Amino acid sequence: MCQVIVTCRSMLWTLLSIIVAFAELIAFMSPDWLLGFPRSDSDVNGAGGDSVEYRPSLGLYGRCLRVGTRGVGVSCGPYAGTFAEVASGFWQAAMLFLAAGTLVLGCVACISIFSLCFQSIMKKSIFNICGLLQAIAGLLLMVGLMLYPAGWGSEKVIGYCGPEASPFRPARCSLGWAFYAAIGGTLATFLCAVLSAQAEIATSSDKVQEEIEEGKSLICLL
């Protein structure tokens, strides 16, 4: 019989697990990891007169550039047609680690929804299993984020950040929101791993067991 058990700690863990998975996915796909140095439309179009400054952005595999007169219109898309065309070997490695971590988080997010009804898998606590997976995902994401700045010396980055760009030194570029979102998501992933233990304690408490023995199928506890 499926018994739906909802506690504050288990619900918090479920919601945060879903949010973290989406945050990492959006950050991974975003082109806003690096913001290039300010440039004007005349630099691109060769037009005279008034010009509007803008900052192109560069992601792991995508980029955004302004096109057209006076920068009207933004062209965003992948700069790499294949994995081998990614800016540097460090970014290729970073993408693999980040993608693996995000995939694990996505699986955990799906499982966390079912944890409201099923608290164990093959007599193993679903919260403990998911907490372990989230800790592993956090390590994968952390390695990916450490590899990422090592690729700032690539030709692609130099074109956006200037000739002074080198590994771990973005020169005239600044970090975009996607990089910070990935860092925040990684920290939240480790928080989820800790909360999973609290969710396990909350759903296996004496109060929950008492309500199960009373035959209740929906159990809600603060």
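This is a predicted model: local features need pLDDT of at least 70, side-chain atom pairs count only at pLDDT 80 or more; totals for chains, interfaces and linings use all residues.

Analyst: Let's start on the surface. Ile121, Met122, Ile129, Leu132, Leu133 and Ile136 form a nonpolar patch there, with about 560 Å² of accessible area together. Patches are made of residues with over 30% relative accessible area and no salt bridge; like charges are joined within 9 Å, and nonpolar side chains (Val, Leu, Ile, Met, Phe, Trp, Tyr) within 5 Å. A salt bridge is a side-chain nitrogen of Lys or Arg within 4 Å of a carboxyl oxygen of Asp or Glu. Accessible areas come from the Shrake-Rupley method with a 1.4 Å probe, and for residues only the protein chains shown count as cover.

User: Which helix gives the largest share of the nonpolar patch?

Analyst: Helix H4 (residues 126-147), with four residues. Helices (H or I, at least four residues) and strands (E, at least two) are DSSP runs, numbered from the N terminus.

User: And where is Ile121 found?

Analyst: In strand S8 (residues 120-121). Ile121 has a relative accessible area of 37%, so it counts as partly exposed. Buried means under 20%, exposed over 50%, and partly exposed in between (1.4 Å probe, protein chains only).

User: What about Ser120?

Analyst: Ser120 is in strand S8 too. Its relative accessible area is 46%, so Ser120 is partly exposed. Leaving out residues up to four places away in sequence, Ser120 touches Ser125 and Ile126. Contact means heavy atoms within 4.5 Å.

User: New topic. Is Ser88 buried or exposed?

Analyst: Buried, because its relative accessible area is 12%. Ser88 sits in the loop between S7 and helix H3 (89-114). Gly151 and Ser154 are touched by Ser88, not counting residues up to four places away in sequence.

User: What is the strand order in the open sheet?

Analyst: The five strands run S7-S6-S5-S2-S10, with antiparallel pairing. Strand S7 (74-78) and strand S10 (174-175) are the edges: each pairs on one side only. Two strands pair if DSSP finds at least two bridges between them.

User: How many bridges join S6 to S7?

Analyst: Five, and strand S6 covers residues 62-66. Leu65 stands opposite Ser75 in S7.

User: How many aromatic pairs are there?

Analyst: Eight. One of them is Phe28 with Tyr61, a tilted pair: 6.1 Å centre to centre, 45° between the planes. Rings of Phe, Tyr and Trp (its six-membered ring) pair if their centres lie within 6.5 Å; planes under 30 degrees apart count as stacked, over 60 as edge-to-face and the rest as tilted.

User: Why does the Phe28 and Tyr61 pair tie together parts that are apart in sequence?

Analyst: Phe28 lies in helix H1 (residues 8-29) and Tyr61 in the loop between strand S5 (57-58) and S6, so the pair links parts 33 residues apart in sequence. Phe28 is buried at 15% relative accessible area, whereas Tyr61 is partly exposed at 24%.

User: How many helices and strands does the protein have?

Analyst: Seven helices and eleven strands. Buried residues make up 42% of the 222 residues.

Terms used: Residues are numbered from 1 along each chain as its sequence is written. Side-chain values use heavy atoms; hydrogens and water are left out.
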